[in-house]
Amino acid sequence: MRPSSVKIGPFTYEVRWDAERAYNTEGQEIPWRKVWGYSNHSHQIIYVSPNVHDNMRRVTFLHELLHCCAFANGVQYHVKLPEEEWVNRTSPHLLLLLQDNPEVREFLFGSPLPNSDDVEIIDNGHTSAPVGAS
Ligand SMILES: [Zn+2]
């Protein structure tokens with residue numbers, strides 16, 4: 001089942017899977033022939049094109065989620081960051097997103113991931129493998 005909303009940091013985005021059009025912050029149409037997904041941060045809407053294969057919609061949704069994680073951490077679209085800095089800034093929001101939105105995990109991975117209580121945070125900021133994960 002496709003999630004209809006997703007909580008990312010302090011924001012809750014509506015997810016529109018079947019919109020005929022996406023719209024940017026200024027209300028201008030974003031044609032599906034140019035993009036497969038679009039995150040409108042000011043209106044907190046994630047659009048996913050209905051015109052691509054389900055596998056591509058899943059990848060596109062994850063792509064937009066990463067944009068939303070970056071936005072939640074103050075990274076603007078036009079700002080170019082070194083890879084390590086981007087990963088450091090984005091990974092905590094991605095982890096919280098997956099912890100806070102079980103329906104997103106199930107949509108992306110097809111089955112629930114371990115409960116966040118099963119993941120141990122290690123001092124260096126990295127996480128251990130989930131207990132009992134195969
Ligand atoms: Zn993008």
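Before pairing anything, I noted the rule: two strands pair if DSSP finds at least two bridges between them. I also noted that this is a predicted model.

**Entry: strand pairs.** I began with β1 (residues 5-8) and β2 (residues 11-16), which run antiparallel and are joined by 4 bridges. Within that pair, I found Ile8 opposite Phe11 of β2. The two strands make a hairpin with 2 residues between them, and I saw that Gly9 in the turn has a positive phi of about 60°.

Next I asked myself: how many bridges join β2 to β6? I counted 3, and here the strands run parallel. β6 covers residues 45-48, and its Ile45 is the bridge partner of Glu14.

**Entry: the whole chain.** I stepped back and listed 3 helices and 6 strands. Going from the N terminus, the order reads β-β-β-β-β-β-α-α-α. Of the 134 residues, 19% count as buried. I also looked at contacts with a separation of 6 or more: 44% of them are between residues 24 or more positions apart.

**Entry: the core.** Which residues touch the most other members of the largest nonpolar core? I got Val6, Ile8, Cys68 and Cys69, out of 18 residues in that core. At least two core residues come from each of β1, β2, β6 and α1 (54-72). α1 gives the most, with 7 residues.

**Entry: one cysteine.** I finished on Cys69. Leaving out residues up to four places away in sequence, I found that Cys69 touches Ile8, Thr90, His93, Leu94 and Leu97.

Key. Residues are numbered from 1 along each chain as its sequence is written. This is a predicted model: local features need pLDDT of at least 70, side-chain atom pairs count only at pLDDT 80 or more; totals for chains, interfaces and linings use all residues. A residue is buried if 20 or more other C-beta atoms lie within 10 Å of its own, exposed if 12 or fewer, and partly exposed in between; C-beta atoms are placed from the backbone. Two residues are in contact if their C-beta atoms, placed from the backbone, lie within 7 Å. A nonpolar core is a set of buried Ala, Val, Leu, Ile, Met, Phe, Trp, Tyr and Cys residues joined through C-beta atoms within 7 Å.
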